[in-house]
Amino acid sequence: MIKHPERMSVLMVGASLEQNGGIATVEKLILKYIPEEIDIRHITSHDEGSVLHRIIVFIYALMKIVSQLLFQKVDIVYIHMSDGGSIIRKAFVSLIASLFRKAFIVHTHGAEFHVSYSRIPKLCKYILNQIFQQCQYFIVLSHAWQDYYISNLGLPKEKVLILPNPTELPDKVPLRSNTEKVNFLFCGRVGMRKGTFDLIKAFANLPQEILKTSYITIAGDGEIQEALVLVKELNLSNHINLVGWVNSDDRNNLLANSDVFILPSYNEGLPMAILEAMGWGLPIISTPVGGIPELVINHQNGLIVTPGNIKELSAAMALLIQDEQLRISLGTVARTNVEPYDINHYCCQLVEIYSSLAKFVKVEELHES
């Protein structure tokens, strides 16, 4: 067993903890549950707002990072990366860590990293690859993403670690038998990528006798007005409620009072929302994208449909509306399957990753002295 270093100091760089979304959720869980022998200090490198605001936040973050590296004890720089502009921002942070000869870990979450990366000019890709190849570890969310980053960024396999997202498991899950109306829950950014509009259309295609025994709650920010217009056009205002973004307590209340979780996405990393729903014993309807197929198994703990296939989505919803025993069975297995993703287990794995860099840290300390 690896002996954990005493008070290893980790500088975590990522999204604002006040931000909506999966990365901020993971960051907050890490800060809440990481063991005391790891001292983690968080620096916000991105926040929602105007372009000017985001630039100011990032410049301030770079100044704080350099200051910490110059004047504070930092053993590891731990970098959370998404897609889009996050790729460039985190390349800068990685370069700074490398220049200061610090061990650094890149933890990638981006559901559309492959889309963003494909648009980058060839020379820029080469430079980015060279920077990220200097990391000690590159953490990904699934085997599929591991294969992608090895192939496209030229990372050696031994550096690319799979660490699926964590979740807080509730102590008890509600009984969901003898349900008069089946409640579907969607949690995520409202828009095309998450399949929100497909969900609304699929629901509208259900026969009237099935439709009247079911209801959808859509929780999340994004293109809410567009979704409301579609709901009204399809005469679903009495069957679909868009509640906007919800805090963790309200989310848990929604999960406790739902019967099925649904997320028909086109691109994903490994959605925190699915992990949370499985923790609450909900069967899942989703798509085989990103890391989802490694978590949701068709007819074992959920139903898998093709992204954009409205007919398949309607059929899956109809099946779970009509078959209570199937709903309960899938949900029970979902809860069992998600137990290895508990945040306490996740933090133990993260500590082991940090601890495995202790040798590198000591070598660099000797070099500096």
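Okay, a definition before we start: when I say polar contact, I mean a pair of N or O atoms within 3.5 Å, where, inside a protein, one has to be able to donate a hydrogen and the other to accept it. Keep in mind, too, that this is a predicted model.

So, with that in hand, let's go to helix H14, residues 343-356. At its start, a side-chain oxygen of aspartate 342 comes to within 3.1 Å of the backbone nitrogen of asparagine 344. What in H14 is buried? Ile343, Tyr346, Cys347, Leu350, Val351, Ile353, Tyr354 and Ser355.

Now the sheets. One of them is open, with six strands in the order E2-E1-E3-E4-E5-E6, and the pairing is parallel. Which strands stand at the edges? That's E2 and strand E6, 160-162; each has a single partner strand, so one side of each is left without a neighbour in the sheet. On average, neighbouring strands here are turned by 20° against each other, ignoring direction.

Let's walk through some of the pairings. Strand E1, residues 8-15, is joined to E3 by four bridges, and the two run parallel. Valine 10 has isoleucine 76 as its bridge partner in E3. Next, E3, residues 76-81, is linked to E4 by six bridges, again parallel. To get from E3 to E4, the chain goes through helix H3, residues 85-99, and this β-α-β crossover is right-handed.

E4 itself, residues 103-108, deserves a minute. It's mostly covered: six of its six residues are buried. In a regular strand the side chains alternate between the two faces of the sheet. And here, Ala103, Ile105 and His107 point one way, while Phe104, Val106 and Thr108 point the other way, all of them buried.

Opposite it stands histidine 80, and over in E5 its bridge partner is isoleucine 139. E4 and E5, residues 137-140, are joined by three bridges and run parallel.

Histidine 46 sits in E2, residues 38-46. Is it buried or exposed? Its relative accessible area is 14%, and the cut-off for buried is under 20%, so histidine 46 counts as buried. Who does it touch, leaving out residues up to four places away in sequence? The list is Gly14, Ala15, Ser16, Gln19, Arg54, Val57 and Arg89. With one of those, glutamine 19, there's a polar contact, side chain to side chain, at 3.4 Å.

Last stop, the other sheet. This one is open too, six strands, in the order E9-E8-E7-E10-E11-E12, with parallel pairing. At its edges are strand E9, 240-244, and strand E12, 302-304, each pairing on one side only. Neighbouring strands in this sheet are turned by 20° against each other on average, direction ignored.

For a pairing to look at here, take strand E10, residues 260-263, and strand E11, residues 284-286: three bridges join them, and they run parallel.

Methods: Residues are numbered from 1 along each chain as its sequence is written. This is a predicted model: local features need pLDDT of at least 70, side-chain atom pairs count only at pLDDT 80 or more; totals for chains, interfaces and linings use all residues. Side-chain values use heavy atoms; hydrogens and water are left out. Buried means under 20% relative accessible area, exposed over 50%, partly exposed in between (1.4 Å probe, protein chains only). Contact means heavy atoms within 4.5 Å. Two strands pair if DSSP finds at least two bridges between them. A crossover is right-handed if, with the strands pointing away from the viewer, the path from the first strand over the helix to the second runs clockwise. Axes are lines fitted to C-alpha atoms, for helices over the stretch in contact, and angles run from 0 to 180 degrees between N-to-C directions. The expected span of a helix is 1.5 Å times one less than its number of residues.
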